Amino acid sequence: MKAIRRITVRPVLPEPLAPLHELARNLRWSWHTGTRDLFQAVDPGRWAASDGDPVRLLGAVPHARLAELAADEGFLRLLGEAADDLRSYVEGDRWYQKQSGGLPAAVGYFSPEFGITAALPQYSGGLGILAGDHLKAASDLGVPLIGVGLLYRHGYFRQSLSRDGWQQEHYPVLDPHELPLTPLREPDGTDCRVALALPGGGRLLARVWQAQVGRVPLLLLDSDVEENGPGERDVTDRLYGGGSEHRLLQEMLLGIGGVRAVRAYCRLTGHPEPEVFHTNEGHAGFLGVERIHELAGRGVDFDAAIEAVRAGTVFTTHTPVPAGIDRFDRELVARRFGPGAELPGIDPARILGLGTETYAGGDPNVFNMAVMGLRLAQRANGVSTLHGRVSREMFSGLWPGFDPEEVPITSVTNGVHAPTWVAPEVLRLGTRHLGEQRTLEALAVGGSDRWDAVAEIADRDIWELRRELRGRLVDEVRERLAASWRQRGAGAAELGWIDGVLDPDVLTIGFARRVPSYKRLTLMLRDPDRLRRLLLDPDRPVQIVVAGKAHPADDGGKRLVQELVRFTDDPRVRHRIVFLPDYGMAMAQKLYPGCDIWLNNPLRPLEACGTSGMKAALNGCLNLSVLDGWWDEWFTPDFGWAIPTADGTATDEQRRDDLEAAALYDLVERRVAPRFYERGPEGLPDRWIEMVRRTLTHLGPKVLAGRMVREYVEKLYAPAARSGRALTPDAARELARWKSKVRASWPRVAVDHVEASTATAELGATLVLRVRVALDELGPEDVEVQAVAGRVDSGDRITDASTVSLKPVGGPDLDGRWAYEGPLSLDRTGPYGYTVRILPAHRLLASPAETGLVTVPSEATAEAAGVLMR
C-alpha cells in the first residue's frame, strides 16, 4: 500500500557519537577524504548503499551497530580527530585572513543552482558545478562568502532511456529533512521565512534552509510551505522548469527573497553583512532592485541608490550567445511591481528601465536580465579570456561610441575545486611522494605557477595509476550500462555481452556534458564508417564513453541523444562505445579520472569556459578540444591537441561540421592513438607519460578554483568593497547629481577644432596637439580630453591604441570654448593615426566608459585636422 504521508524519523545517536551529526551536516565531507573514510568505517556496506551520503547512512545504521561504535575506543579516537580537524578548519585563519587591503567583511554570492555533492542535487550543469566549486574554494581560502540559491523539491530531472534510445525524464521528490540541510530558525524556534508581495494582496512565502559548505553557509529558499497556495508552493518545484511567469517568480524569489534571507541570517547569527554582492549570471539580478528598495526606505532617492548599489555589486555572465539570457515580456514584469505588488514604493517604470534593451538592435518590449545585471553592477566579468572578448562584443550596445575592447567587462577564467574532482588514487600517489599537507595545500589553496614536484614521480608509477583508473572506469561503465539496459526493458539473458564492454588497456576517450546543439554531441558520428574503423582498429583501437542530458523541452537535443544511443547499440561496436544516462556529479567523479583523452568539440566561440576538461586534466587526462573557452587560453602541444576550426564566414554549418569532424578523426588516427600505443625501451609510452607530467606540472595550478577565487577577491571583490564604502548616501547623491548634469549637457559637448604642430612623421618625433572643445555647462573638472593614437588598418580604424590625456590651457574663450594641449609621440612606424575624444571624468567612476558617454570629432573636424599619416 502507498503511504498517505511521509515523514523522516531522525536517528538518535549515543552521546559519544554526537560529533557524527556535525560532520554529516557540514558538506566538507564531500571533498575531505578523511571524513569520508570515517563514515565508511561506520558501516561499509550501508555506506556503499547510501551512495556515500552520511545523512542517509546514519538513518540506516542499526542501533546495535551504533552502540558497538560508541564503545569502540579506536573509532572514538578517529571521530574525535575528525571533529577537531573540522573545528580547526572552520575557525582557524586561512589565506583570506592573512591578506591586507580592506577586503570585504562578507560577500553575498547568488546563483540559481549549486553543485556541491550528488547528495544535494540542486544543479543541472556547468553553472551549478562552478558555483559549488566557488563556494568550496572560498571555504578553503577563508573567504567570508554567504551563498544564496533556491531549494528545488524535484531538483533537476533524472534521465533514463526508452528501448529505442529516447530520453525520458523523472522528477523524484526530495525531502529536505533527508538532505544535509538545517532549517534557519527564529529565536522562538519557528522557521525563518521571507515573503514576497503578489499582485492583488497575496504573498509568496519561503522557508530558509541552510547547508554548511565548510566555512561557507549556503541559504536555500523553499516555497513549498503550507500557507502558500498550490501555484506559489510550486515556484521552487524544479530547476529551469515552467513558463515565463514561473521563471520570473523564481528569479524574483532568488534575488529579492535572497537578499531578505541574507539579512535574516546575519540578524540571527551575527554574521557580518555582505559589503559585496556577486550575481552569478542574470537569474539573480533582482537582488540589486531589492537593495535599491532598502536604501529607499532610508530616504535615499532612486538615482543615488542605484549608484550605491552598483558600487558594491559584481556581475558574472556565463553565456556567449543572446539566446542564453532570460528575457521576459515587459508587461509581465510590470505586473509584479508597484502598488499592490512587490516594492510598492518604487515606480515600476524605473525598474523596467533597468532591463530594457535600449541599444541598436535591441527589443524595447522585453526585459533582459543580463542587461539589468550589467546596469546594476559596477564590475562585470566573463569566465575566460575569449569569453570576455565575446561578452564585450555582445554587450557593446550598452556603451555606444566605445570600441568593444574598452567595454568595462573583464574576465576571470573559471577553475575547478581539485579536492572534489581529483580521484582518491591520484591523491594517494601525490601524498606518497609529496606528503599529505603539501599535496592538500597545492590542490586546495594553490598559489604556485608550477607543480615541479610532479617530476619526482616515476614514469612507471604514473602509468600504473593511469591503468588502475582506466580499469575502475571499465567496472563503473559495465555496472551503469547493465542498469540502463534493464531500465530499457532488457532481460538478464540479453546482457551477457556487457561483461566484454571496454578494455582497461585501450585508449579511452570521454565526452560528457549538457546537450545543446552547439556542443555537438554527435560530431563524432559525422562519418560513421570512419568512426567504426577507429574503434575497431586491430593495432590501435579506441574506446569512447559518452554521457549527457538534453533539456526536457529540447526535442532537438533529445534526437541527438537518440542518434548517438542507436549507434552505440550496434553489436559491432557496442563493446567500444557506450552512452551512459543520468550524467551527474557521482558519475563525473569516476569518468574524468578514467579517461585518457577528454574530448570537447563545441562551435567556437560558443563555449564560455567549459570546465570538464580541467577536471580531467587534474587526473592526468589529456585534452583534445576545439580552441574555445579555457582551452583557447592555455592550450600548448604539451597538454594535448587542438581541433582545427573551420569558422570562416563563407563556410556553412554543414560544411563546417564535415571539416571539423574530419580534423578530429585525423588527430585521433595519426597523432593521438600512435602516441598512446608507442612504447619506449622500458615498455612504457614515454612520450604520453611526459605529456601527462607536463599537464600536471604546468596546467594543474592554472585550473584550480583556488586561483579563480583569489582573482575574484583581488580583481573584483576588494575594489567593489572599497567603492561601496566610498559611496556613502551623500557621495551617492553627489555622483547621481553629477551624472544627471553630465547627461543633460552631453548633447552639446563637442570637439570643435584639432590641430597639430608640423613635424616630420618619423619614428621618435613628437607632435603637439591643440584641441578646442565645447563643454556646455560642464567644466574641465567634469571631463577628460584624450588623444587616441595607434596603427590604422585598411579602413582607417585605429588598432593597438594608446591614450594620452591632454591638459586645459587657461580658461574658456569668448565663445565658451576650452583649449587643451598635449604631446603625442610617434612611437611606431607604418600607417599611423590619431583622434581626439572627450569622456566624463569623476573620482567615483570605476571606468572611463562607465557612463557610456563619449564625444569624438565630427567628420568635418577630423578632415580639417588631417588625423592620418601614411
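Q: What does Thr-439 touch, not counting residues up to four places away in sequence?
A: Thr-439 touches Leu-427, Gly-430, Thr-431 and Leu-434, where contact means heavy atoms within 4.5 Å.

Q: What am I looking at here, and how are the values made?
A: This is a predicted model, so local features need pLDDT of at least 70 and side-chain atom pairs count only at pLDDT 80 or more, while totals for chains, interfaces and linings use all residues. Residues are numbered from 1 along each chain as its sequence is written, and side-chain values use heavy atoms, with hydrogens and water left out.

Q: Back to Thr-439. Which helix is it in?
A: Thr-439 is in α18, residues 436-444. Helices are DSSP runs (H or I, at least four residues), as strands are (E, at least two), and both are numbered from the N terminus.

Q: Is Thr-439 buried or exposed?
A: Thr-439 counts as buried, because its relative accessibility is 6%. Buried means under 20% relative accessible area, exposed over 50%, and partly exposed in between, with a 1.4 Å probe and protein chains only.

Q: Now Thr-508. Where does it lie?
A: Thr-508 lies in strand β15, residues 507-512. It is buried, at 1% relative accessibility.

Q: What is Thr-508 in contact with, leaving aside neighbours within four places in sequence?
A: Its contacts are Arg-470, Leu-473, Gln-543, Val-545, Gly-594, Cys-595, Asp-596 and Ile-597.

Q: Switching to the core. How many residues has the largest nonpolar core?
A: The largest one has 107 residues. A nonpolar core is a set of buried Ala, Val, Leu, Ile, Met, Phe, Trp, Tyr and Cys residues joined through side-chain atoms within 4.5 Å. Those with the most contacts inside the largest core are Leu-507, Met-524, Ile-544, Ile-597, Leu-624, Trp-641 and Trp-688.

Q: Take Ile-544. Leaving aside neighbours within four places in sequence, what is it in contact with?
A: Ile-544 contacts Ile-509, Met-524, Leu-531, Leu-535, Arg-576, Ile-577 and Val-578. There is also a second, separate core of 95 residues, which includes Ile-351, Val-742, Tyr-834 and Leu-853.

Q: On to α6. Which of its residues are buried?
A: The buried ones are Phe-75, Leu-79, Ala-82, Ala-83, Leu-86 and Tyr-89. Seen down the axis of α6, they fall within an arc of 125°, so they line one face of the helix; the arc is that of the directions from the helix axis to the C-beta atoms. On the other side of α6, Glu-73, Arg-77 and Glu-91 are exposed.

Q: What covers the buried residues of α6?
A: The cover includes α1 (19-25), α2 (33-42), α5 (63-70) and α7 (126-141).

Q: And what caps the N-terminal end of α6?
A: Asp-72 does, with a side-chain oxygen 3.0 Å from the backbone nitrogen of Gly-74.

Q: What does the UniProt annotation covering residues 13-120 say?
A: The unreviewed UniProt entry gives "domain: DUF3417" for residues 13-120. UniProt positions are in the numbering used here, feature names are shortened, and annotations may be inferred rather than shown by experiment. Over residues 13-120 the chain is 53% helix and 4% strand, with its end C-alpha atoms 23 Å apart.

Q: Why is α10 described as largely enclosed by the rest of the structure?
A: Because 9 of the 11 residues of α10 (residues 286-296) are buried. Among them are Phe-286, Glu-290, Arg-291 and Glu-294.

Q: Next, Arg-185. Where is its place?
A: Arg-185 is in the loop between β5 (182-183) and β6 (193-197). At 43% relative accessibility it counts as partly exposed.

Q: Which residues does Arg-185 touch, not counting those up to four places away in sequence?
A: Arg-185 touches Thr-190, Asp-191, Cys-192 and Leu-268. The side chains of Arg-185 and Asp-191 are joined by a polar contact of 2.4 Å. A polar contact is a pair of N or O atoms within 3.5 Å; within protein, one must be able to donate a hydrogen and the other to accept it, and residues adjacent in sequence count only if both atoms are side-chain atoms. Arg-185 and Leu-268 are 83 residues apart in sequence and 8.1 Å apart in space, C-alpha to C-alpha.

Q: Last topic, backbone geometry. Which residues does a cis peptide bond join?
A: Arg-604 and Pro-605, with omega about 5°. Pro-605 is in the loop between β18 (597-600) and α23 (612-617).

Q: What is the phi of Tyr-240?
A: Tyr-240 is not a glycine, but its phi is positive, about 55°. Most residues other than glycine have a negative phi, and most peptide bonds are trans. Tyr-240 lies in the loop between α8 (230-233) and α9 (244-269), and at 15% relative accessibility it counts as buried.
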